[in-house]
Amino acid sequence: MTPGAGHSTNLQKYESGNPILQALIRRFHARICEVVQPLGFRTVLDVGCGEGFLSRAILDRFPGVELTGVDVSEAAVRHARERCPGARFEVARIEELEQLGRRFDLVVCSEVLEHVDDPAAGVRALAARCGGHALITVPWEPWFQLANFARGKYLKTWGNHPEHIHRWTLRGFVSLLEGAFEPIHAETRFPWSLCLARPKAR
C-alpha cells in the first residue's frame with residue numbers, strides 16, 4: 001500500500017531503470033498469476049493496489065475478470081485508473097474494506113501488511129472481504145533487507161525500507177495469516193514471500 005501522496009517509493013521501484021529489479025518484479029507478478037490460475041475466479045479485490053502495476057498484470061493474464069482496487073494514496077489511485085481503464089479503483093485503507101459491502105472471489109494483497117500498524121487486524125479485514133481465496137505477499141526477510149543493502153539502498157537503516165514497520169520470515173508470515181486464514185500454499189520468490197489461503201469458516 002503506497003504512502004500518502006506524490007512520487008511514492010512504490011512508483012520509483014516500478015519505474016526503476018535497474019534491469020535486475022525489473023526482471024524480479026516481472027518474475028514475481030508472473031508467479032502470482034501462476035498460483036491463482038487454477039482458481040476460476042471472476043471478481044478480484046487488489047488491496048494496496050498502488051499505481052496498478054499488479055492489477056494490470058492480472059487483467060492481462062485473466063481478461064474479463066472484474067477488478068476492484070483500493071489504496072491509501074489518491075495519486076496512486078489516479079495512476080491505477082489510467083493504467084487499468086475499465087477497472088474500479090477507490091481510495092481506502094485496509095481497515096476500511098468493510099465499506100465495499102461485498103466479498104470477492106479472489107483477494108490480492110501484495111506488499112501491504114509490512115506497512116500497517118496492526119497487521120493482524122489487516123489480515124482479518126482481508127478475510128472478511130474474501131469469498132474464495134486470497135493471495136497475500138510480504139517482503140521475505142531478512143533477504144529483502146539484505147538485497148536492498150547490497151544494491152546501496154536505505155544504507156542508514158541497513159537496507160530496511162523506511163516505510164516497513166514489520167518484518168517476517170516465511171514461517172512468521174504464515175503464522176500471522178493463520179489468525180484468519182487456512183494457508184494452502186506458501187513459498188518464497190526472492191525477495192518476497194507469498195501465500196495462497198482460504199478464509200477460515202465464519
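Reader: Which strands does helix H2 lie across?
Author: In this predicted model, helix H2 (residues 19-36) lies across strand S4 (104-110), strand S5 (130-139), S6 and S7, and runs at about 20° to S7. Helices (H or I, at least four residues) and strands (E, at least two) are DSSP runs numbered from the N terminus, while axes are lines fitted to C-alpha atoms, for helices over the stretch in contact, with angles from 0 to 180 degrees between N-to-C directions.

Reader: And what does helix H5 touch?
Author: Helix H5 (residues 119-128) packs on the sheet and touches strand S1 (43-47), S4, S5, S6 and S7, contact meaning heavy atoms within 4.5 Å; the direction of H5 makes about 145° with that of S5.

Reader: What's the strand order in the sheet?
Author: The open sheet has 7 strands in the order S3-S2-S1-S4-S5-S7-S6, with mixed pairing, where two strands pair if DSSP finds at least two bridges between them. Strand S3 (88-91) and strand S6 (181-189) each have a single partner strand, so one side of each is left without a neighbour in the sheet.

Reader: Switching to Val 36: buried or exposed?
Author: Val 36, which lies in helix H2, counts as buried because its relative accessibility is 2%, buried being under 20% relative accessible area, exposed over 50% and partly exposed in between (1.4 Å probe, protein chains only).

Reader: Which residues does it touch?
Author: Leaving aside residues up to four places away in sequence, Val 36 touches Phe 41, Phe 62, Leu 106 and Leu 135.

Reader: What about numbering and confidence limits?
Author: Residues are numbered from 1 along each chain as its sequence is written, and side-chain values use heavy atoms, with hydrogens and water left out. Local features need pLDDT of at least 70 and side-chain atom pairs count only at pLDDT 80 or more, whereas totals for chains, interfaces and linings use all residues.
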